[in-house]
Amino acid sequence: MAFKIASSPHVGNTLQTAKVMQRVALCLLPGIAAQLYFFGFGTLFQIAIAVITAYAAEAVILAMRNRPIKSTLADNSALVTALLLAIAIPPLAPWWIIVIGTLFSIIIVKHLYGGLGNNLFNPAMAGYVLLLISFPVQMTDWVSPMSAAQQSVTLSYAWQVVFDSASDILLAGHNLAIDGTTMATPLDTLKTDLSMGITTHESLAKPIFSGMAGLGWFEVNFAFLIGGLIMLKLKVIRWQISVGILSALFLCSSFGFLLNPDTHVSPIMHLFSGGTMLAAFFIATDPVTAATSARGRIIFGAMIGVLIYVIRTFGGYPDAVAFAVLLANMCAPFIDHYVRPRAYGHRSGS
Amino acid sequence: MSKYQDIAKQGLWSNNPGLVQLLGLCPLLAVTATITNALGLGVATLIVLVGSNILVSLVRDFVPKEIRIPVFVMIIAALVTCVQLLVNAYAYGLYLSLGIFLPLIVTNCVIIGRAEAFASRNSLAHSAFDGLMMGLGFTAVLVVLGATREVLGQGTLFDGADLLLGDWAKSLTIHLWQVDNAFLLALLPPGAFIAMGLLIALKNVIDLKMKQRQPQMPTQIVERARITKVS
């Protein structure tokens, strides 16, 4: 009988890219559901537009690059990018916002760097940053959270606002009817209040901060946390990056809160507002743009956590997740260079 | 190909200071938010470049090699000061909108680079022509970049042309479309970097296509017998 000789690794992994991406997309569902419940149906249209745009752009650029179109489209990576971007932007943003963002993510950030696996930056977050610095007015107008019973953003209303070109004028604040449904995010409100000399205590008494970290925002973040834990259980992601981000953010914000509670908000607010949970479990854990070794991932995560706190507290933008992730992406090769796992049989440090 | 044709080709395309040598990127990226600014800075650089090439070529035989760089820099600085004063006097609006980047032409690597690499080794006529062609190549890149960013960013062309040409040029401004929300990225420095990258990519694509279109010359493989002894 013939002995089959195969080189290592001997334990195979059956998890293919398409499967991993599919599971990531499925684990996003609780968070998406919570967002639909509290912020209305706008997100649904954003997701639809983003997915269609992403697949179309990917197909065109694959054809231009002479790459296999069908098999690459089936790896679901464009789907995840589109979903993340659609979740991150305001639900009632006009349709061209998400189209520009998705095209930039897929074409410039992903394919100009060589496609999936070669991109230096997280495509969804780079697209988000492009939109945030290009269209600050549209990107900071969030829907007021409310429970479904009194939900004013119905399907037809969302359709009207997202696709009606007049919505540009509406969102700019000239129409009273819509002013009731959009407002700044809790983090944004807090930043504005602090710059006006109002203490956090007074600011947090506003109705937008009802609940533990702002109405709706806490629940949405909690839903993403659940989705993230399911991914951990399914071994789609490893724990190091998420734990790194959350613990670093918790430590920094606790320190600030204990030092001066008048100008710093509680750690709970930091952990469960804005895009913290989405970033910790779904965005920063992107295997392409993160550090690769276990220790490297903890450093990578901690770096994002610290950056989120620093940019949120001292920076000019309302939320810091996208900037923190991009800055850490840049450092990932550097971290990998200096943090190398010890090879078996070698002493550490040699 | 005569010497002049070669100089023109080098300056305008194959050794373009903006797209190939990547010199003078700082003003290239900073002032190209509108076509007017780009044109203004491009012409100012062009004048300085021609002047410095002429002067450097004239003094090249009298300047000791050891101190040539300080001498070149002083020549360039004197010319830049002239241009700055001229712009200040005749196009004050442009002077204000170009700001620090006008005096910074002194540090533009294109100028010292051409002085050192070309003008200090070539005759007066060749040097002057080289300065003109390099300047035109640089200006062309600035204008294309400025036009792209202005159209994408605010949907206009020649906005503020009156700053450069006087009041009559106000009518030159072309509104291609009405933008309610300026596409800020195109007007900000990151947009300039991205647009610049795409321009360089476009040039490389054109070069590649031209190369493919040329008939393939069969390369002659020369088999040579070894005549030296292998030790």
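Before reading any UniProt entry, I noted that UniProt positions are given in the numbering used here, that feature names are shortened, and that annotations may be inferred rather than shown by experiment. This is a predicted model, so I kept in mind that local features need pLDDT of at least 70 and side-chain atom pairs count only at pLDDT 80 or more, while totals for chains, interfaces and linings use all residues. Residues are numbered from 1 along each chain as its sequence is written, chains are lettered from A and ligands numbered from 1 in the order in which they are written, and side-chain values use heavy atoms, with hydrogens and water left out.

**Entry 1: the annotated threonine**

I looked up Thr185(A), where UniProt (unreviewed entry) places the feature "modified residue: FMN phosphoryl threonine". Thr185(A) sits in the loop between β2 (182–183) and α12 (186–195) of chain A. For elements I used DSSP runs, numbered from the N terminus: helices are H or I with at least four residues, strands are E with at least two. Is Thr185(A) buried or exposed? Thr185(A) counts as buried, at 13% relative accessibility. My cut-offs were under 20% relative accessible area for buried, over 50% for exposed, and partly exposed in between (1.4 Å probe, protein chains only).

**Entry 2: the cavity**

I searched the whole structure and found one cavity of 30 Å³ or more. Several elements of chain A give two or more residues to the lining, among them α2 (29–39), α5, α7 and α12. Which element gives the most to the lining of the largest cavity? That is α14(A), with four residues.

By class, I got 19 nonpolar, six polar and two charged residues in the lining of the largest cavity. Here Ala, Val, Leu, Ile, Met, Phe, Trp, Tyr, Cys and Pro count as nonpolar, Asp, Glu, Lys and Arg as charged, and the others, Gly among them, as polar. Domain 1 (16–183) and domain 2 (184–339) of chain A each give at least three residues to this lining; the domain bounds come from an automatic or database domain assignment.

For the terms, I worked on a 1 Å grid over the protein atoms alone: a cavity is a set of points where a 1.4 Å probe fits but cannot get out, a pocket is an open set with protein on both sides within 12 Å along at least five of seven lines, and lining residues have an atom within 4 Å of a point. Grid points are joined across faces, edges and corners, and a volume is the space filled by probe spheres set on the points.

The largest pocket holds about 630 Å³ of space. It has 30 lining residues, and Val20(A), Val236(A), Thr285(A), Asp286(A) and Pro287(A) are the closest to its centre. I counted 17 nonpolar, eight polar and five charged residues in the lining of the largest pocket. Why do I place the largest pocket between domain 1 (16–183) and domain 2 (184–339) of chain A? Both domains give residues to its lining, so it lies between them.

The second largest pocket holds about 450 Å³. Among its 16 lining residues, Phe104(A), Phe121(A), Ala126(A), Val129(A) and Leu326(A) lie nearest the centre. The lining of the second largest pocket has 16 nonpolar, no polar and no charged residues. Chain B comes in here: α10 (189–213) of chain B supplies at least two residues of this lining, as do α6 (95–111), α7 and α19 (321–338) of chain A.

**Entry 3: positive phi**

Most residues other than glycine have a negative phi. I noted Asn76(A), not a glycine, with a positive phi of about 65°. Asn76(A) is in the loop between α4 (69–73) and α5 of chain A, and it is buried, with a relative accessible area of 16%. Lys235(A) also has a positive phi, near 60°. Lys235(A) lies in the loop between α14 (217–233) and α15 (239–259) of chain A, and it is exposed, at 68% relative accessible area.

**Entry 4: cysteines**

I took a disulfide as a pair of cysteine sulfur atoms within 2.5 Å, and the count over all chains is zero. Cys252(A) is partly exposed at 21% relative accessible area, and Cys331(A) is partly exposed at 22%.
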